[in-house]
Amino acid sequence: MPRFRLGESVPNATHEVDEEMRFHFDMRVQELMAKGMSREDAEREARTVFGDSATIEHELLVEREGRNRDWLRRLGLAELNSDFRFGWRAVRRNPIFAATVILTFALGIAGAIAGFTIVNGVLLRPLPYPEPSRLTMIWSQAELNGSMVTLPMSIPNFVDVEARARSFSAMAAFRAWPFTLQGRTPDEENLTIQGARVSPALFDVLAVRPFMGRAFSADDARDGAAPVVMIGADLWRRRFASSRDIIGQTITLSGASYTLVGVMPDGFAFPRGAELPGPMQFAPRTELWTPFVFTDRELQQRGTENIAVVGRLAPSVARETADEEVNAVVDQLVQQFPQSFAPRAGADLTAIGAQATASVRKGLWLLLSAVSLVLVIALANIANLMVARAKGRTHELTIRRALGASRLRVLRQLATENAVLAAIGAAIGSVIAVASVRWILRQIPNGLPRADDVVVDWRVVLVAFAATAIAALVFGLASASAGQGEELDVVRAGTRSSGTHRHHMGRRALVVLEIAMSLVLLSGAGLLVRSYIKLVNVPAGFGPAGSMTARVSLPMTGRFDPVRDGPGWMQFFDEYEQRLKSDPTIAVVGAVSALPLAGATEFTTFQLVDPPPPDGTRRPGASYQVVTSGWFDAARVPMLAGRAFDSRDNAQGVPAVVVSRALAERAWPTVPLAEIVGRQINVGVRSVPQTIIGVAGDVHQNSLDQPPGPSMYLVHTQYPYPVFSMVVRARSGNANDVLPAMRRELRALNASLALRDAKPFVNVRNESIARQRFGMVLTSVFAGAALLLAMVGLYGVIATGIVQRTREIGVRVALGASRGSVLATVFREGAWMVSLGVAIGAAGAFATSRVLRGQLFDADATDPTVFIAIVAITTVVALVAMAVPAWRATRIDPIIALRAN
Amino acid sequence: MANDLVTGTLELLILKAVAWGPRHGYGIGKWIRDTTDHFVDVPEGVLYPALYRLERKGLLSESWGETDTGRRAKFYALTREGRAHLKAEIVRWSDFAGAVRTAITATQRS
């Protein structure tokens, strides 16, 4: 042999192979034409016989390259490399198949990563405090309106429980308290900072120390102690430019001077609003702490339940033991001060982690199950697609085996191809996951507890990629085993094999499973949709259309002291209302201390004056709002009897109260509403009896899915308040039209104030059901995706089944079978898969529906309408998925079908 | 074993096809088809890889030439090793086929 020959260098290998194949093809065409075929027919026939030329060329190139690189081959690397290139070529050759697999993978993995990331952050990761399992919230419990409710504690009760209970190594009270941080220079603007008044022991309870300066000492909380403050790391950076000299300096908060003693480490923001019950009014993050100094007056108000308490269990004390002990202490207090407690008063200890996530725990597990179902469906679908394609390639694979390629070699090639697809899918999926976690967190701002703790964890991504690798291998195996078989046949006669029955059964079973699982998801989504529709239609009790709301908080100098500051507050809001009323764009003006459905409610007790309750009877509770005289008009809350507040109800007038219908009916079940007007009640927050001047319609104060509870209204001219949410209705009907006037008039009254949380009143209502809407939308999206994937799977099985039976169908048509009977054959094949899937799915949906019960509003978890609708939808969509291949089956030309083999 | 046999058979037929002179790939396939009376129809996807593999083993050599109609084509020719291999394989195959025939036409079980 010559040492080298021209035209044999590696770069030309592709070209040579190409030319040789083209020559072969042309010769074949000539031969067929010599037999009398037209050129067109001959070319088509030659192409059919030739099969997959790309595969052959690939094979040849591998062989050729292998000759030149035998040493690489020995290491097994040459093939891997070419497998990857071949895999990539397979992607390009069949882009629809590839895109389907990649997208299916991407969707499944994105859902899994996003779902697990959120669940991991919210439910699984420990709270950022040492030994979080020993931390427990301590709440009061009492019967309110016939059911047990959990309430904050009163200051005197906290003091007594702390002094008597032995189960805790430390216990602390805290309460949300916004501050205005004044600028240190005239250019520096005032900031509203979310703060909290806390017992000095809080930092011992949580076992977190300041990273700079010191924590509070018990002396800081004594009445008359020099005011001190601690701040969060973020505020320290933002406002104090990370200055180390700040410790010991004086800052001005709401008009009073405080000495800054400590800066808390990054990430410390206790209490975080979403982790605690809504009515406590905690901000998403707390950035500033002052010592909780109890005044003598506060120490007397045993009935005013307005502080949250957290404790750290002493070593080796079980939560149950502590629970019993605290309840025993409360029992003693009830004996001592029976008047100050509602019926069945007690204490409730909740682990802080459970407290943080109680509201969403179930929803998140549901989310995770939905995500897992979609992932399983996606994987089943990919398995199906892979097997289907392997069948289409039986010819190619058999040739490779016949040529002596080992099973391992064929398997590795398929696995590599799948790995290429899976890797692309996983990469896309990760990107979607990161984006959707952000989207999800944005959808429920401040609504998701521990949202701060949700970060895309590299371990989660790693798990996803490992799953991908395993999937690639498994599907490689599945498709390789599907592709094994009738090797000798193929070599001998070049026939294309038809699949074995066994594999067909496997693929059909997968489709049945997919249909069943998507039905489970769909029924869940259906129930949530129905529940949401009902919720949307609940009358809220107020009319928000055309009104704007915004909060105005007056700066507080020093302590909360209505006696000293009240007249000023009253005068301010009176004047602000007057100015707004005279503006031409504004129709009605009113204000309320806490907007309904905005998550803030204050409770107090009430007691009938006539007839007075027998001694020792506990007082019932009710929520209360402070309002201006315009409130009922502005919020369109109807007066059912009596009158609303007006100018008569001033400081000199008779102390007046408006009660809600629910309160009136509970207190005087048999008295007509009109006769209640003029009666008197004692209200926990007021020292004198209040005369009822009117009965107002019920308003959903807490949430739309709970019936409105008893409620009462006090007027600010008799009970001044420093924070109001303005409700201002536009003449034009467009809420936004009144904002300029609201801003202008506020500035005119006090240049240092700003409107906060300005938004149309309608949004308040919508935001209160944002979580339900979000859950519904998310579940529906997953259910839709599941249905789509299941239908792709169904379509795939039916379509490949028809391709493999082309010959059979051709024969039947040739023998005179009608189109109708061909259609019937195809649909019969699909019908049992669909009906079996629907049956299993309906049973599964029925079995799992109880899980949803707690998430539904006024909807039966086994609502037959929903089930029937879902089954109908699934069936119709399944018919559509079958219709396309079925139609194609009727178009099979018997001549071509018979010649195909 | 069965695979080796089939693979070996194909290689044997290819080597035999070029025993009397170089042929191009198409010609080899057609020769096998015609001489086996269409009983063995080797698909392209089997034929060409086999040709390349035989070339790599050094049993065939390849060169570009022209067909009688003047088209450029790649021709395969038997190398010295190829001819020796062909001889040995023919013997092996005949022995094997004879043995199988004897076995399957035996009239009585022993």
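User: What makes F203(A) and F216(A) count as buried or exposed?
Analyst: Both F203(A) and F216(A) are buried, a term that stands for under 20% relative accessible area, against over 50% for exposed and partly exposed in between, with a 1.4 Å probe and protein chains only. As a caution, this is a predicted model, in which local features need pLDDT of at least 70 and side-chain atom pairs count only at pLDDT 80 or more, whereas totals for chains, interfaces and linings use all residues. Residues are numbered from 1 along each chain as its sequence is written, chains are lettered from A, and side-chain values use heavy atoms, with hydrogens and water left out.

User: How many aromatic pairs are there, and why is the one between F572(A) and Y576(A) called tilted?
Analyst: The search over all chains finds 21 aromatic pairs, where rings of Phe, Tyr and Trp (its six-membered ring) pair if their centres lie within 6.5 Å, and planes under 30 degrees apart count as stacked, over 60 as edge-to-face and the rest as tilted. F572(A) and Y576(A) have their centres 6.3 Å apart and their planes at 35 degrees, and the pair is therefore tilted. Being four residues apart in helix 18 of chain A, the two are separated by about one helical turn. F572(A) is buried because its relative accessible area is 12%, and Y576(A) is buried with a value of 0%.

User: Which aromatic cluster includes F203(A) and F216(A)?
Analyst: One aromatic cluster is formed by Y129(A), F174(A), F203(A), F216(A), F268(A), F270(A) and W289(A).

User: Why are helix 24 and helix 27 of chain A called roughly parallel?
Analyst: Two packed helices are described by the angle between their axes and the distance between the axes. Helix 24 (residues 770-804) and helix 27 (residues 864-890) of chain A pack at about 30 degrees, with axes 9 Å apart. Angles under 35 degrees count as roughly parallel, over 145 as roughly antiparallel, 65 to 115 as roughly perpendicular and the rest as oblique, so helix 24 and helix 27 of chain A are roughly parallel to each other. The contact (heavy atoms within 4.5 Å) includes L787(A), M791(A) and L794(A) from helix 24 and I873(A), T874(A) and V877(A) from helix 27 of chain A.

User: What share of the residues of chain A counts as buried?
Analyst: Of its 901 residues, 51% count as buried.

How values were computed: Axes are lines fitted to C-alpha atoms, for helices over the stretch in contact, and angles run from 0 to 180 degrees between N-to-C directions.
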